[in-house]
Amino acid sequence: MKKKRWDSVEIVSFISLTLLAIVIVVPFWNAVVISFETLSAYVKAPFSWLPGEFTWENYASLTKQSGGLLRAYANTIWITVVGTVLGMAVMVTTAYAFSRQFPLKKPLFMIMLFTMYFNGGLVPTYLLVKNMGLLDTHTAVILLSLASTYNVIVMKNGFSSIPTELPEAARIDGANDLEIFWKVMLPLQKPMLATFTLFTAVGFWNNWYWPMLILNSKDKVVLQMFLRSLIQIAAQMANEVGTSLASELTYAKGIQMAAVFLVMLPIMMVYPFLQKYFVKGVLVGGVKM
Amino acid sequence: MWKARYIYLLLLPFFLWMFVFQYGPLYGVQLAFKKYSAKLGIWGSEWIGLGNFERIFITPAAVRAIRNTFFISIGRILLEFPLPIVLAILIDAMRGKRLKKIYQTIFTFPHFLSWVVVGAIIKNFLASNGAINVLLISLGLDKVDFLTNTPVFVAMLFATANWKTMGWSAIIYMAAIAGIDPELYDAAKVDGASRWRQIWHVTLPCIRSTIAIMFILAIGGIMNAGFDQIFNLRNGVVSKAVDILDTYIYDITFEAVPNYGFSTAVGIFKSAINFILLLIANTTVGKLTGEKLYS
C-alpha cells in the first residue's frame with residue numbers, strides 16, 4: 001500500500017520544526033566542541049563541527065584547582081540530596097492532607113495560597129536569614145528553597161484524582177489517615193512522586209540566586225556559583241588586558257565551556273526519566289486549580 | 001477535629017516551614033515605612049511614613065526600572081506568549097511518532113538548565129567572535145553586536161527566552177490538543193475543511209480555555225520581567241535599557257551604602273502591583289470565557 005502524500009500542514013511543520021531543532025542544538029554543540037579543543041584551535045575557528053585540536057586539558061585544569069570544581073560538585077550534591085528528600089517529605093504530606101476533607105481546610109489552604117502571590121522580598125528575607133545566624137550556611141540555602149506551593153497544589157490534585165472508594169475501603173478495614181497515606185495513596189501515585197522528586201532535584205541543582213547572596217566562604221561554593229564566577233573572572237581578565245568588551249569572553253573559553261558541560265551533564269543524565277512523564281497529564285492538573 | 005488529628009500532623013512540617021520562611025520575612029516589610037539602621041534593628045528603626053515610596057518616583061534609575069519592566073514584559077507577552085501555541089500545533093501536525101518524540105526532547109531540554117548555564121552558552125554563541133558572527137562574515141555580511149548593541153540586545157532577550165522555554169511552555173497546549181475529541185476533526189473533514197481550516201476552526205477554539213488561563217498567568221507575572229535571564233546576560237553597556245525592577249532591587253541592596261528601607265519599599269511596590277494585575281486579569285478573562293484561575 002502506498003503511503004499517503006504529505007499535505008501542506010505536514011510539510012510546513014516538518015520544515016519549521018527541523019530548523020528549530022537545529023537552532024536549539026547547535027549552540028550546545030558549539031559549547032561542547034570548544035570544551036574539547038585547545039585555545040589556539042578555538043581562536044583559529046570559533047565554530048567547528050568537531051574539535052580542531054582535541055584536548056582534555058580544559059577539563060583537567062578545572063579539577064586541578066583546589067577548592068574549585070570538585071568542592072562545588074560535592075556541595076551541590078549534598079544540597080540537592082538533602083533538599084530533595086526534605087522538600088519532598090513536607091510537600092507530599094501537605095498535598096495528601098489537602099486532598100482529604102477536614103475542619104479548617106479552606107482557611108489553611110488560603111494561607112498557603114497567599115505565599116504564591118505575595119512575599120516579603122529580597123531585603124526582609126535576607127535579614128531573616130542573617131538574624132537567624134544562617135548566613136554562609138548550606139542549611140539556609142536548603143531551607144529557603146525547600147518547598148513550592150505550586151508543586152503542593154499539583155500533587156494535591158494528583159491525590160484527589162484517586163477514587164475515594166480506595167481510601168474508604170482501607171478506613172473500613174481499620175486503617176488511620178497515616179496508614180492510608182503511606183500504604184494506599186503513596187504507592188498509587190508513584191509516577192507522580194518520581195516526577196516531582198526529579199523536578200525538585202533539578203531545582204536544587206540549578207539554584208544559584210540565594211547561594212550567591214548567602215554563601216561567601218570558598219569551601220561552601222555550589223556549582224552554579226562556581227560557573228558564574230568563572231565567567232566573571234574571565235570577563236575581568238579580558239578587560240584588564242585591554243580586549244574590547246565584546247570579545248571579553250575569549251579568555252579561557254575552553255575552560256568555561258568545560259565547566260558548562262560538567263554542570264549540565266547530570267541534568268542530561270536524568271532528563272530521559274523526567275521526560276517520560278511530561279505529557280502524561282501530571283502537569284496539566286496544575287492549571288486546573 | 002480530633003478525628004482529623006493525623007491530617008494536621010501531616011500538615012505540620014510544611015506549615016512550620018512556611019511560617020518561618022514565607023511569612024517570617026513579612027515582619028521585615030515594615031522596613032518599607034522606616035529608615036533602617038543596622039544598630040537599631042528592624043523593630044527599633046525610625047518610622048518615616050511613605051517617604052521610601054515617594055522616593056521611588058523621584059529616583060530616575062527606579063523610574064527607568066519600572067518603565068523597562070513594563071516594556072520588556074509587554075514585549076514578552078507579544079513575542080513569547082504566542083509561540084508555544086504555534087509550536088504545540090506544529091508538533092501535533094507533524095508526521096512520524098519517533099521524530100516527534102526526538103524533536104520534543106530537544107525542544108524541552110533547555111528549560112531544565114539554569115540561566116547561568118544557558119547564559120554562558122548564549123554569550124559564547126553570540127559573542128563578537130562567536131559562531132554566529134563567524135557565519136555572518138563567511139556569508140560576506142557585517143558582524144552584529146548581539147551583546148553590546150542595545151536594541152539588538154533587547155531583541156536577543158526575547159529570542160533567547162523563546163529558545164529556552166517555548167518547548168516547555170508548549171507542553172501544556174499539547175496536552176490540551178491531545179484532549180480534543182477526534183470526532184470534531186472528522187466532522188470538519190466531512191464539511192470539506194482543509195487541515196489549515198481544521199486548525200483554525202477546531203484546534204484553536206478547543207484549546208481556548210487553556211490559552212486564557214496561561215494568559216492570566218502571564219499578565220499576573222508582568223512585574224517579573226525575567227530576572228534570571230537579564231541578570232546573567234546584561235553588561236554595563238546595555239544595562240540602562242534592560243535593568244528591570246528585580247535587577248534594580250538587587251543592585252541597590254548590594255551596593256556600597258545600601259538603604260534597606262528603600263529596597264524593601266521598591267520590592268513591596270512591585271509585589272502590590274503584581275497582585276492587583278493578577279486580580280484584574282482574573283476577572284477580565286473570567287468574564288470573557290467563563291474560565292477562572294480561582295473563584
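This is a predicted model: local features need pLDDT of at least 70, side-chain atom pairs count only at pLDDT 80 or more; totals for chains, interfaces and linings use all residues.
**Notebook: chains A and B**

I started with chain B: its mean pLDDT is 90, and 97% of its residues reach 70 or more. Residues are numbered from 1 along each chain as its sequence is written, and chains are lettered from A and ligands numbered from 1 in the order in which they are written. I also noted the scores for the complex, an ipTM of 0.89 and a pTM of 0.90.

**Where the chains touch**

I looked up the contacts next (C-beta atoms, placed from the backbone, within 7 Å). I found 78 residues of chain A in contact with 76 residues of chain B. On chain A's side, helix 1 (residues 8-35) gives the largest share, 15 residues. Helices here are DSSP runs (H or I, at least four residues), numbered from the N terminus. I sorted chain A's side into 54 nonpolar, 18 polar and six charged residues. Ala, Val, Leu, Ile, Met, Phe, Trp, Tyr, Cys and Pro count as nonpolar, Asp, Glu, Lys and Arg as charged, and the others, Gly among them, as polar.

**One helix pair**

I then followed helix 1 of chain A to helix 6 (residues 97-108) of chain B: they pack at about 40°, with their axes 9 Å apart. The axes are lines fitted to C-alpha atoms over the stretch in contact, and angles run from 0 to 180 degrees between N-to-C directions. From helix 1 of chain A I listed Leu17(A), Leu20(A), Ala21(A), Ile24(A) and Val25(A), and from helix 6 of chain B Tyr103(B), Ile106(B) and Phe107(B). This contact has eight nonpolar residues, no polar and no charged.

Buried takes 20 or more other C-beta atoms within 10 Å of a residue's own, exposed 12 or fewer, and partly exposed falls in between.

Most residues other than glycine have a negative phi. Leu104(A) has a positive one, near 70°, and sits in the loop between helix 4 (69-99) and helix 5 (105-117) of chain A. With 13 C-beta neighbours inside 10 Å, Leu104(A) counts as partly exposed. Asp136(A) has a positive phi too, near 60°.

Conventions: Two residues are in contact if their C-beta atoms, placed from the backbone, lie within 7 Å. Helices (H or I, at least four residues) and strands (E, at least two) are DSSP runs, numbered from the N terminus. pLDDT is the predictor's confidence in each residue, from 0 to 100.
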